[in-house]
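Me: I am new to reading structures made of several chains. Can we go through one together, feature by feature?

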Amino acid sequence: MDWINITNAAINGIVLGLLLALPALAVTLVFGIARFPHAAVGDYMTFGAYTAILVQSFMSASLVAAALIASAATAFLSLFFYAWVFRSLSQRSPVSSLIASIGVAFAVRSVITFFAGQSQYVIEAPLVRAWNFSGVRILPTDLYVAATAVLALAAVFFMLHFTAFGRRMRAVADNPELAAASGIRVREVMITLSVIVGAFCGLGGMLMGFKAVVLPELGWELILPIFASVILGGIGSPVGAVCGMILFGISQEIASLYVGASYKLVLAFVVLLLVLLIRPQGMFGKIIAVR
Amino acid sequence: MEFYLIAISISVLIYMLMASGLSLQYGFTGLVNFGYVGFFAIGAYTSGLLSLQGVPLPVSFLAAMLLAGALAYPLGIITLRLGGDYLAIITLGFSETVRILLMKEDWLTRGVHGVPGLPRVFDDWAGVSSGDLTLLLLLLVVNIAVFALIAYLVRSPFGRIIASIRDNEVAVRALGKNPAAFKTRSLMLGSALAGLAGAFQAHYVTFIAPEQFVPLITFYVWIAIIVGGPNRILGIVVGTIILLTFLEGSRFMRDFVGGVSEVQLASVRFFIIGMALICTILYRPNGLFPDKFSKGK
Amino acid sequence: MSYRIDRRQFAKLAAAVAAGAVLSNTAGAAEAFRLGALNSITGAGGAYGPGMLEAIQIAVAEVNAAGGAAGRQFELFAEDDQTKPDAAVLAVKKLVEINRVEAVVGIWPSSVQLATLPITNAANVPSFNVCGAPELETLDDKDLVFQFYASNKVIGAVFAEVAKKRGFKNPAVLAYNNATMVAQAENFRSTWEAGGGEVADFIVYEPNQTSYRTELDRALSKNPDILVLSSYTPDVTIILKEWYQSGYDCKLISPGWSITQAVADALGPEVSAQATTISNVPASSTEAYKAFHEAFVARTGRQPEMFATAAYDMVIVLALAIELAGASAKGTEISAKIRNVTNAPGNKVSTFAEGLAALKRGEEIDYEGASSPLEFGEAGQTTPAFGIFGFEDNKLALQEVMTLKS
């Protein structure tokens, strides 16, 4: 393999990693604050992608409008399931929430296939050719995808670290009982969390659909790489989730040049095993998160 | 008609075997295995491929159980010292990895082409149909034996320890026992049962291919044990029967209810599976037949 | 937007199945022939199964309107195999044991045919499929299994013939990882190499990915002049999108079910102009196809794709064979007559009614199907003709028809 191929694979990996950092951030926040692995994030992404299709066919072909409405609709969906399911389960063992989140994933996907069927859809956007720098190719649309993801990530990081509300969120993540005792309204934090999870998954799903095609299994197939990256970064660490996802994206794309693309998922699994074996708290995780 | 009933009953009993194993892991020990189908696949391929090499079926079935159980060991020791969530993620990854290896390593598994022409369990017994009846009886005996084993284990010192691990791990640790070791044993035993179920499935369907071992199967089994009640044998039996009645019953719905497309019917089926998971966890956390002594989890 | 299954049509269809069952129960003097349709309505085959069932419906209506086969009306029982062998086993047990069907038609994936074959063969029930899996030729010990679609070997060979004829030198292969597609790609390679050519790269890719750029970059780095895409519609859409975006120039060749008109509509003329597709419907050349096409469009408002056309032929062929074998014929007695009604020599017929009339006159017939002329070989496989298609102004157009010696 020459360096041009490797560079191209790395670029692809960075874009993919940035994109998937959105749901990965959602997963790690849920892990840190609500303390369970949220298996429905993949299908929230699918929901976002299908919402974008719906917007494009009935309202406007604008990609920005599709992205905004997809995020909003998915945020609403996530809030609904928080209010109905996860709120009541928050006092029980995390396993209950985990199993329920699988149920949520199936319910969301089945509603999508009931109305949209099994066939694929394409998010409409003009096809453009890549800029070619003597073999190294950069796709303008990839730049938009990456820029959108970076903006959204930056907004959440700003909120977490520079606002009073962000401090409250982190306090709940550190110790919910203590946070509640010191007057932080945990309910409010949870609602915000649900909105962020929904909006990020919706946006991520829409961008994924924009890059590829929209199918009912779009999000579910991404669950494992996302979880592997979150654990790699350190459960509950937002910086870790983003770095872990990008690192994972790059290594996945480069590795598939050598071992064959089919082994991408196997790679996710091996990374998972190695991290858990060598450093279960991940790159940035606190020991406290490892229960 | 009776042959169809036999076919359904065989499916029920194969699922019941899986449900028993998963119930041992989740219901009795509290282990969340989201990759159960991976062990089922290992069992199916182990026995299937060995039998094609001329290994007699009793030996290949045993090998299926041993390999499926043995593969659970490393997963157990890596994750079980950490939290339960890790096991869930790692096992989900395991089952997908198994499926991809089955697809890609075609020198061993014929890859996506699948392996056709596996021997039936009772092939020489006067025709396909009566062979199926004998298989049904064998499965019945195996299931009863597994139930007896579970009943024995639960009352044994081992059973009391795994139950207390499930209910209060810290206390067990304080007593100087190593919970991870007990959990790993339970994980291996449950996985071996999945391997056995896989071997039965392989030699019943006579054709195995990687696409038969998708994660959805795992969650079918989860439905069975959660709906019925994960830590009671009656729960396992009733849960499995409810699951298969539902899966097969929706097939008949089309004959009676016109106007539903199959795509929509499949979606409805999937929706009910999802809703059953949510609603049971929310409203009947211990299933239809809760263990009288267990507290809500 | 792209193509979705029209649920309303499908709902009507399902209702028609139910209504048909009721009607035919009260209608016939002779006992109805119970026909099972085992289609992949959901799962990977979900893009084709519903159309196949509709085609089967059309054919059943045609047979019944002509007075049935050997005086027996067809009564249809439809099942979804979910494109999964284990679901198919239960579905086929239901068809055989409960509905007591005497033949099963419409099987799409080879995994389903492989899993159900022991059951249908044991019950002496013929099964007709569009699989093209080589194993079927050896596993079917009773000559009950017939394949109405080109075997993979043939399609792969046609790719090689077309590429050679058009003067390409350096093909790169991208193949979807399943039995049919990998076998097809491998047969392309063996035919191509037997013709003295070399393959630049041979990549088998995993389905259900969101991007195939890594695989594509690897293939393009070998500077191929043509990409051989053994693929399906969802994955080929992504691949073509990424191929166009990469700015690399080359031609494309794929099976007809992969780069479809809908893909061209989604991606535009600059992509589709480079594509050649191969399918085994000699579109518009046979009378049977014209009639079926008209009926299908009238019924569904959509164009029939190739698998649906083959499914239509299954029912017509079955009915003709029953007519020849007689009303009381079962399983192997029926399947033994299939080559008599489809293979040359004989008077060429294009519809069931024509064939029925000719058979009643005691003539030999040769049914020229809607999907292909249907000449079944020793092992129940077809050797069809191929249409080579291109896109002109983004519209699919037949360029030439080609036949291969098998």
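Reply: Start with where chains touch. This model is predicted. In it, 40 residues of chain A are in contact with 35 residues of chain B. Residues count as being in contact here if their C-beta atoms, placed from the backbone, lie within 7 Å.

Me: Which helices of chain A each supply at least two residues of the side that touches chain B?

Reply: There are α3 (63-89), α4 (94-116), α9 (223-233) and α11 (264-278) of chain A. The most comes from α4(A), with 16 residues.

Me: How do the residues of that side of chain A divide by class?

Reply: Sort them into nonpolar, polar and charged. The side of chain A that touches chain B has 28 nonpolar residues, nine polar ones and three charged ones.

Me: How many residues does the contact between chain C and chain A take from each?

Reply: Chain C gives 32 residues and chain A gives 33. On chain C, α8 (213-220), α9 (233-246) and α10 (261-267) each supply at least two residues of the side that touches chain A. The largest share is eight residues, from α9(C).

Me: And what classes make up that side of chain C?

Reply: It has 10 nonpolar, 15 polar and seven charged residues.

Me: Which residues of chain A does UniProt annotate as "transmembrane region"?

Reply: An annotation comes from a record, and this entry is unreviewed. Residues 6-34 of chain A are 97% helix and 0% strand, and the end C-alpha atoms are 39 Å apart. Residues 143-165 of chain A are 96% helix and 0% strand. Their end C-alpha atoms lie 31 Å apart.

Me: What is the mean pLDDT of chain C?

Reply: Read pLDDT as the predictor's confidence in each residue. The mean for chain C is 84, and 90% of its residues reach 70 or more.

Me: What are the scores of the model?

Reply: The ipTM is 0.88 and the pTM is 0.80.

How values were computed:
Residues are numbered from 1 along each chain as its sequence is written. Chains are lettered from A and ligands numbered from 1 in the order in which they are written. This is a predicted model: local features need pLDDT of at least 70, side-chain atom pairs count only at pLDDT 80 or more; totals for chains, interfaces and linings use all residues. Two residues are in contact if their C-beta atoms, placed from the backbone, lie within 7 Å. Helices (H or I, at least four residues) and strands (E, at least two) are DSSP runs, numbered from the N terminus. Ala, Val, Leu, Ile, Met, Phe, Trp, Tyr, Cys and Pro count as nonpolar, Asp, Glu, Lys and Arg as charged, and the others, Gly among them, as polar. UniProt positions are given in the numbering used here, feature names are shortened, and annotations may be inferred rather than shown by experiment. pLDDT is the predictor's confidence in each residue, from 0 to 100.
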